[in-house]
Amino acid sequence: MAGTSQTAPEDRGGDDVPDLATEAFVAHRNLLFTVAYEMLGSAADAEDVLQETWLRWAGVDLGEVRDQRAYLVRITTRQALGRLRTLGRRKESYVGPWLPEPLLTAPDVAEDVELADSVSMAMLLVLETLQPTERAVFVLREVFDLAYDEIAEAVGKSPAAVRQIAHRARAHVAARRPRGVVSPAETRGALEAFQRAVETGDLQRLFDLLAPDVVLLGDGGGVVRAALEPIVGAEQVADVLGRISAAMSLHPAQVNGHPALVFRANGAVEGVMAVRIDDGLITGLYAVRNPEKLSRVERETALRR
């Protein structure tokens with residue numbers, strides 16, 4: 001049995017032959033990270049959850065485990081639920097709007113349409129409006145397609161209760177998610193036009209791309225300068241964007257499975273901007289500038305279902 005001083009194993013090479021517990025954990029690590037990240041919206045907290053999952057998994061009698069994947073997902077979900085409730089209290093004192101931690105993702109994430117949709121900034125913000133158990137049930141059922149009895153074990157509810165929670169969560173999300181399916185090509189095209197308009201100061205082109213009631217959310221976390229309230233309206237948003245572009249350069253990237261823009265100043269990452277598109281117009285802009293949330297923009301994060 002492992003002591004609590006052990007650290008969670010990473011994917012690694014070399015000649016060491018891992019024990020069965022380590023082998024199973026490493027095999028499912030990307031899946032477990034994705035579960036935790038979708039529940040928390042924070043890569044740093046997801047990594048902490050994986051550490052806690054490993055400590056519990058290392059002490060399990062594998063002879064008693066019928067399905068290692070399901071067992072690991074159950075541990076991860078329980079740990080993430082506890083942390084989600086703590087984060088909820090922490091967010092109440094957060095300075096300005098809170099946005100999910102952006103992840104630079106590989107092309108294969110975008111190719112999995114359901115996964116890409118589930119980790120988009122817009123969807124993660126919708127998931128923030130769910131209660132912790134509702135969020136866990138929605139993620140495990142709608143994204144990872146777990147059976148109701150498996151979810152029931154993970155969240156400590158009966159299968160009948162989980163069905164009701166899933167129905168309620170689906171209706172809640174459906175009422176708030178983007179209205180139509182937007183292809184990566186459409187998003188990329190809108191972002192390219194948006195980038196050109198911002199860089200050239202073409203206000204008319206910018207107004208043509210922005211919905212009249214577009215909302216810009218900026219997350220500086222009280223660490224760097226950012227608007228403390230949502231900025232609403234095409235004219236107000238365009239004014240802010242003009243000031244940002246004068247100080248930074250914009251670079252296309254694949255963030256959370258979707259095209260996005262990375263802001264750089266003197267070569268250093270200063271922020272990430274993702275968009276929400278409805279009916280061909282940009283209705284939401286999400287600018288993450290909190291430096292504590294930008295470490296995952298320099299290297300790709302592997303996500304799996």
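Select Phe 33 and Tyr 37 to start: these two sit four residues apart in helix H1 (residues 20–40), so they are separated by about one helical turn. Helices here are DSSP runs of H or I with at least four residues, strands are runs of E with at least two, and both are numbered from the N terminus.

Before you click on, a word about what is on screen. This is a predicted model, where local features need pLDDT of at least 70, side-chain atom pairs count only at pLDDT 80 or more, and totals for chains, interfaces and linings use all residues. Residues are numbered from 1 along each chain as its sequence is written, and side-chain values use heavy atoms, with hydrogens and water left out.

**Stop 1: the aromatic rings**

A pair of aromatic rings is described by the distance of the centres and the angle of the planes. Rings of Phe, Tyr and Trp (its six-membered ring) pair if their centres lie within 6.5 Å; planes under 30 degrees apart are stacked, over 60 edge-to-face, and the rest tilted. Searching the whole structure turns up three aromatic pairs. In one of them, the ring centres of Phe 33 and Tyr 37 are 6.1 Å apart and the planes meet at 5°, so this pair is stacked.

Are these residues buried or exposed? Phe 33 is buried at 2% relative accessibility, and Tyr 37 is buried too, at 0%. Buried means under 20% relative accessible area, exposed means over 50%, and partly exposed is in between (1.4 Å probe, protein chains only).

Now select Trp 57 and Tyr 71. Their rings form a tilted pair, 5.8 Å centre to centre with 55° between the planes. Trp 57 lies in helix H2 (residues 43–57) and Tyr 71 in helix H3, so the pair ties together parts that are 14 residues apart in sequence. Trp 57 is buried, with a relative accessible area of 0%, while Tyr 71 is partly exposed at 25%.

**Stop 2: along helix H3**

Next, pick Gln 79, which is also found in helix H3. With 17% relative accessibility, Gln 79 counts as buried. Which residues does Gln 79 touch, not counting residues up to four places away in sequence? Show Val 49, Glu 52, Thr 53 and Arg 56, and you have them. (Contact means heavy atoms within 4.5 Å.)

**Stop 3**

On a 1 Å grid over the protein atoms alone, a cavity is a set of points where a 1.4 Å probe fits but cannot get out; a pocket is an open set with protein on both sides within 12 Å along at least five of seven lines; lining residues have an atom within 4 Å of a point. Grid points are joined across faces, edges and corners, and a volume is the space filled by probe spheres set on the points.

The largest cavity has a volume of about 30 Å³. Select Ala 70, Val 73, Arg 74, Leu 146, Glu 150 and Ala 154 to see its lining. H3 gives the largest share, three residues. By class, that lining has four nonpolar residues, no polar and two charged. (Nonpolar covers Ala, Val, Leu, Ile, Met, Phe, Trp, Tyr, Cys and Pro; charged covers Asp, Glu, Lys and Arg; the others, Gly among them, are polar.)

**Stop 4**

The largest pocket holds about 510 Å³ of space. It has 26 lining residues, and those closest to its centre are Asp 117, Ser 120, Gly 180, Val 182 and His 258. Colour helix H5 (113–119), helix H6 (121–127), H10, strand S5 (258–265) and strand S6 (268–278): each supplies at least two residues of this lining. The lining splits into 15 nonpolar, seven polar and four charged residues.

Then move to the second largest pocket, with a volume of about 370 Å³. Of its 14 lining residues, Arg 225, Ala 226, Val 240, Ile 244 and Arg 289 lie nearest its centre. The largest share, four residues, comes from H12.

**Stop 5: Leu 191**

Select Leu 191 in helix H10 (residues 184–200). Leu 191 is buried, at 4% relative accessible area. Beyond four places in sequence, Leu 191 is in contact with Pro 259, Ala 260, Leu 261 and Val 275.

**Last stop: confidence**

Finally, colour by pLDDT, the predictor's confidence in each residue from 0 to 100. The protein averages 91, and 95% of the residues score at least 70. Over residues 12–17, pLDDT stays under 50.
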